[in-house]
Amino acid sequence: MAKVPKGKKAEMMGTYPVGAMLWKLSLPTITGMVVQASYNMVDAAFIGKGVGTLALGGTTICLPFQMLMGAMGGAIGMGGASLVSRALGRRDRELASRALGNVVALALILGIAATLLGKASAEGMVTLFGASEEIKPYALEYLGIILLGCPLTLLAMSSNAVVRSEGNANVAMLSMVISGLTNVFLDWLFIFHFHMGVAGAAWGTLLSKLLVVIWLISHFTVSPHKVIKLSPRRLRVDRDIVSEISSIGISAFVRMAGTSLVMASVNNAMGIYGGPYYVAAYGVTNRVMSIVYMAVNGVALGMQPLAGYNYGAGLFDRVRSSIKLSIIWGTGGCVFFFLLLFFLPERVFSLFTNDPDLIAAGVASLPTIVAGTSLVAIHRIGATAFQALGKGKPAFWLSMTRHVLVFLPLLATLPRFMGLTGVLLSFPLADAIAAGITLLPLSKEMGQLKKEALSTS
């Protein structure tokens with residue numbers, strides 16, 4: 001694709017071939033997200049092989065809390081990014097910079113509060129998340145260090161979203177790559193050379209977040225590529241700005257917090273119906289599946305501005321093409337991962353552990369859990385398509401569908417009659433039901449877009 005001047009980037013979305021533009025918009029996001037997911041996998045492999053199965057189970061117990069911190073950072077970031085991009089569109093850099101100052105201040109305040117509250121309730125929290133007596137010491141050791149990094153997690157996630165909103169997608173991608181590679185290196189160093197156990201994994205995560213925060217703050221203060229500037233005088237909490245950030249970010253928080261609730265519920269169910277080895281096996285499965293989810297999310301986030309721009313421009317055929325192509329690409333990737341995970345579960349788990357009992361638990365659970373993976377892209381990209389078209393109500397309900405409205409009721413019901421099999425079957429059934437529910441409004445919307453395209457041609 002030929003290089004285009006900066007001022008023409010937006011126009012490209014209405015003129016360049018849809019496939020080429022979708023690739024250009026999706027690739028940086030997919031790259032960054034897959035690197036992030038990959039480091040989670042390597043993290044688990046290092047803990048599984050370098051520390052042991054119970055330690056892997058202990059870190060799995062802490063994942064819901066880490067997801068909750070991600071939800072807070074994501075909510076602040078999405079709310080702040082929306083405000084920043086709209087302010088920049090109106091050429092109001094002062095408001096955009098004030099919004100950035102509020103994002104950073106809010107992340108610091110909430111992060112410190114989370115650290116203090118978490119320290120005061122750590123033991124109760126890991127019990128609530130499903131820790132058995134065998135894995136509780138590992139969970140508490142890991143969580144105790146991770147809690148110190150709450151302000152860093154919130155700062156990294158929220159600042160990265162703002163970087164993307166000022167048009168610096170490559171800086172956002174690099175921050176995720178830096179975080180992932182640093183974490184992998186430090187985990188290897190701390191676990192295999194310094195023999196620090198789960199504490200080494202936790203310190204690796206914390207220090208990699210610190211490096212990313214330094215990188216992002218330096219972008220907003222001294223980088224020549226920054227669009228808005230962060231200065232100490234703007235580090236304040238403005239009631240109107242925080243209110244706007246909160247109103248926009250709340251849906252993202254609810255959706256991501258729902259994921260945290262699902263993970264805590266699954267940990268509990270795996271512990272009750274399967275035992276600690278199944279908790280650890282779910283931790284591995286969750287990290288492997290995050291590759292699939294991150295890749296699909298990358299395609300969806302690439303599609304979002306493309307569909308939105310063309311919808312606003314009245315180019316309805318291009319809107320249909322971008323949504324259709326995104327679902328085809330996403331589904332193709334999901335089918336590939338499904339075949340890999342369904343037919344090679346033993347090889348997958350052998351990458352993470354040498355423990356035959358954990359491998360046996362993984363082989364027994366992974367094929368059932370991933371049976372509906374081929375349908376994941378329909379739901380995820382379908383929900384994002386409605387966001388792109390500015391249709392908040394269907395987007396919100398579809399976002400809630402898979403985890404909250406379908407999966408949790410299945411998880412609460414099926415194991416009562418089927419035990420561990422019921423826990424495992426909840427995953428593919430939720431994927432299938434969520435995809436079916438998504439197709440109903442999405443098919444109607446695609447038909448409407450076709451009619452509008454014909455009426456304007």
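Author: A residue is called buried under 20% relative accessible area, exposed over 50% and partly exposed in between, with a 1.4 Å probe and protein chains only. The model is predicted, so local features need pLDDT of at least 70 and side-chain atom pairs count only at pLDDT 80 or more, while totals for chains, interfaces and linings use all residues. Residues are numbered from 1 along each chain as its sequence is written, and side-chain values use heavy atoms, with hydrogens and water left out.

A search of the whole structure finds four salt bridges, each being a side-chain nitrogen of Lys or Arg within 4 Å of a carboxyl oxygen of Asp or Glu. One of them joins Arg234 to Glu94, with N and O 2.8 Å apart. Arg234 belongs to the loop between α9 (198–221) and α10 (239–273), and Glu94 to helix α4 (residues 93–120), so this pair ties together parts that are 140 residues apart in sequence; helices (H or I, at least four residues) and strands (E, at least two) are DSSP runs, numbered from the N terminus.

Another salt bridge pairs Arg98 with Asp238, whose closest N and O atoms are 3.2 Å apart. Here Arg98 is in helix α4 and Asp238 in the loop between α9 and α10, so this pair, too, ties together parts 140 residues apart in sequence. Arg98 counts as partly exposed at 32% relative accessibility, and Asp238 likewise counts as partly exposed, at 22%.

A further salt bridge is made by Arg402 and Asp431, with 3.0 Å between the closest N and O atoms. It links distant parts of the chain, since Arg402 lies in helix α16 (392–418) and Asp431 in helix α17 (residues 420–456), 29 residues apart. Both Arg402 and Asp431 are buried.

Helix α16 also holds Thr401, which counts as buried at 5% relative accessibility. Leaving aside neighbours within four places in sequence, Thr401 is in contact (heavy atoms within 4.5 Å) with His379, Val406, Ala434 and Ile437.

In soluble globular proteins, nonpolar side chains tend to be buried together. A nonpolar core is a set of buried Ala, Val, Leu, Ile, Met, Phe, Trp, Tyr and Cys residues joined through side-chain atoms within 4.5 Å, and the largest one has 132 residues, with Met270 and Ile323 making the most contacts inside it. Helix α11 (residues 276–312) supplies the largest share of this core, 16 residues.

Tyr282 lies in helix α11 and is buried, with a relative accessible area of 5%. Beyond the residues up to four places away in sequence, Tyr282 touches Thr60, Met263, Val266, Asn267, Met270 and Phe427.
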